[in-house]
Amino acid sequence: MKVAVMGADELAPGEHRVVQVGQRSIGIFRVGDEYHALADHCPHQGGPLCRGRAAPLAVAGAPGEVALDPDRVFVACPWHGWEYDVTTGRSYFGPGEAPVRSYTTEVVAVDPATGRVPGPYVADTFAVTVEDRVVVVDTAARRPTDPEETA
């Protein structure tokens, strides 16, 4: 089941937020222009994982050369500091431990006129006119419903 949780522009790159989806608490993370979602439940001991700090991975090319990789972000559980990769849910603490549940995310276009996300199906629509006080439907051609079809 797909659920709309927030507008894409509500998170700046590097930010994250916890949202409620039914009974589930889910952390939404923006890494650059990509979005990732993790269950807000630490597999280690059940802590509120996504309420912890999220930070880029520190990498070293050589001794004394440390940089942050903005494409690799980890979230640390506030209870015990176990860290999980927000893109995969994998922890690098405790070999063999289960990863945190991750969810597929996507950014979809919202119709500005209705504020809704268009579905995959389009019903046939037809041109309708009134001629001599009679409603007439032209079934010869489908009326375009997509603004791009009228161009």
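Among contacts in the protein between residues at least 6 apart in sequence, what percentage join residues at least 24 apart? In this model, which is predicted, the share of such contacts that join residues at least 24 apart is 32%.

The secondary structure to which these contacts belong can be read along the chain. The protein has nine strands and zero helices, and its elements, taken in sequence order, follow the pattern β-β-β-β-β-β-β-β-β.

The cysteines call for a more careful reading. A disulfide is a covalent bond between the sulfur atoms of two cysteines, and with a cut-off of 2.5 Å between the sulfur atoms, the count in this model comes to zero. For C50, the closest cysteine sulfur is that of C77, and because the two sulfur atoms are 9.3 Å apart, they are too far from each other for a bond. The residue C50 is itself buried, since its relative accessible area is 1%.

C77, in turn, has its closest cysteine sulfur in C42, at a distance of 3.9 Å, which is also too far for a bond. With a relative accessibility of 4%, C77 counts as buried.

Notes:
Residues are numbered from 1 along each chain as its sequence is written. This is a predicted model: local features need pLDDT of at least 70, side-chain atom pairs count only at pLDDT 80 or more; totals for chains, interfaces and linings use all residues. Side-chain values use heavy atoms; hydrogens and water are left out. Helices (H or I, at least four residues) and strands (E, at least two) are DSSP runs, numbered from the N terminus. Contact means heavy atoms within 4.5 Å. Buried means under 20% relative accessible area, exposed over 50%, partly exposed in between (1.4 Å probe, protein chains only).
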